[in-house]
Amino acid sequence: MPRTIIKTKAIVLRSRRMGETSRMATLFTEDVGKLKVTAKGARRVKSKFGSGLDLMAEVHVVCYVRDTRDLQTLSECHLLHPPPSLGSDLERFSLANAALELIEGLTIEGEPNERLYACLRGVLDGLIEVEVDQVESLFWYYQLRVLDALGYSPELQQCVGCRRDLTDSWLWFSPAQGGSLCAACGQGVGMRIPRESLTFLTRLQSLRTYSKASLPPAPQRRGEIRTALNTFFDYHGSGRGSLRSLHFLESLRRDQSALKT
Ligand SMILES: [Zn+2]
């Protein structure tokens, strides 16, 4: 059976124990997309894989790939970039996990996407750098870039129904229709959202590169933005864009606001 040797950069999306000494990992590689691998002996003290298979680490891997196998064999793994130091910050940690979950849920094995790889690399770096009030904005920016890289960018600048500019103070957003709708076209087909929130998303969408200073200040109301983006992923990813980490974060936010009242 022919086998191919693959040498590529990769980010560890998932990593778990297998048997007494080995590890199984899902990687998002730059050259061949998602790849599931086994690393034999990875859990031995003197393993040649070192800490390279830690979640969120960026590594350079050498892997033997056979088309007929679901699990490929990892031969070498060198650490390029350790996992981001997110400390005990639950919001940053949950969003970093959600960033991995999105890639795992929305990509299929063997389909590389360099832009998606760059998005993931960027958000993992950015989540350490941004100020606390920009953490969620960075994640929304990441979600929009992921949609763009997958070819599902929502239309946010004009009404997807009548193509007019969006001037009403309350608008609508519909994943099924592909984006925003004016007050007249949107009745009954989507969720209601303030124009301020859509304007904010439009500004995020127009950012071509992220830098610490480039994120606009987030609007007061954030709930509609979360819902709009998450339902868009649910709809276009057939449920595979639904994120456990975000549900966890949402329950955390509810608990915190319950404590304040
Ligand atoms: Zn319209």
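**Close-up views of side-chain pairs and a helix contact**

**View 1. Arginine 163 and glutamate 155 form a salt bridge**. In this predicted model, the closest N and O atoms of arginine 163 and glutamate 155 are 3.9 Å apart. The cut-off for a salt bridge is 4 Å, so the pair counts as one. Arginine 163 is partly exposed, with a relative accessible area of 46%. Glutamate 155 is also partly exposed, and its relative accessible area is 24%.

**View 2. Glu58, Arg121 and Asp125 are joined into one network**. The joining is done by salt bridges that share partners. Arginine 121 is placed in helix α2, which covers residues 114-129. Its relative accessibility is 12%, and arginine 121 therefore counts as buried. Leaving aside residues up to four places away in sequence, arginine 121 touches Ile11, Glu58 and His81.

**View 3. A salt bridge joins glutamate 104 to arginine 14**. A search of the whole structure finds 11 salt bridges, and in this one the N to O distance is 3.1 Å. Glutamate 104 is buried, at a relative accessible area of 17%. Arginine 14 is partly exposed, at 37%.

**View 4. Aspartate 89 and arginine 92 meet through their side chains**. The contact is a salt bridge with an N to O distance of 2.9 Å. Aspartate 89 has a relative accessible area of 26% and is partly exposed. Arginine 92 has a relative accessible area of 12% and is buried.

**View 5. Phenylalanine 28 and tyrosine 117 form a stacked aromatic pair**. The search of the whole structure finds 4 aromatic pairs. In this pair the ring centres are 6.2 Å apart and the planes lie at 25 degrees, so the rings count as stacked. Phenylalanine 28 is in strand β2 (residues 22-29) and tyrosine 117 is in helix α2, and the pair links these distant parts of the chain, 89 residues apart. Both phenylalanine 28 and tyrosine 117 are buried.

**View 6. Phenylalanine 173 and phenylalanine 232 form a tilted aromatic pair**. Their rings are 5.8 Å apart, centre to centre, with 45 degrees between the planes. Strand β6 (residues 170-174) holds phenylalanine 173 and helix α6 (residues 223-236) holds phenylalanine 232, so the pair ties together parts that are 59 residues apart in sequence. Phenylalanine 173 counts as buried, at 2% relative accessibility. Phenylalanine 232 counts as buried too, at 1%.

**View 7. Helices α1 and α2 are in contact**. Two packed helices are described by the angle between their axes and by the distance between those axes. Here the axes of α1 and α2 come within 10 Å and cross at roughly 175 degrees. This crossing makes α1 roughly antiparallel to α2. On the α1 side the contact is made by Arg92, Leu95, Ala96, Ala99, Leu100 and Ile103. On the α2 side it is made by Leu116, Leu120, Val123, Leu124, Leu127 and Ile128. By class, the contact has 11 nonpolar residues, no polar residues and 1 charged residue.

Notes:
Residues numbered from 1 in each chain as written. Predicted model: local features only at pLDDT ≥ 70, side-chain atom pairs only at ≥ 80, totals over all residues. Heavy atoms only, no water. Buried < 20%, exposed > 50% of the residue type's maximum accessible area, 1.4 Å probe, protein only. Helix = DSSP H or I, 4+ residues; strand = E, 2+ residues; numbered from the N terminus. Contact = heavy atoms within 4.5 Å. Phe/Tyr/Trp six-rings, centres within 6.5 Å; stacked < 30°, edge-to-face > 60°. Axes fitted to C-alpha atoms, helices over the stretch in contact; angles between N-to-C directions. Parallel < 35°, antiparallel > 145°, perpendicular 65-115°, else oblique. Nonpolar A, V, L, I, M, F, W, Y, C, P; charged D, E, K, R; others polar.
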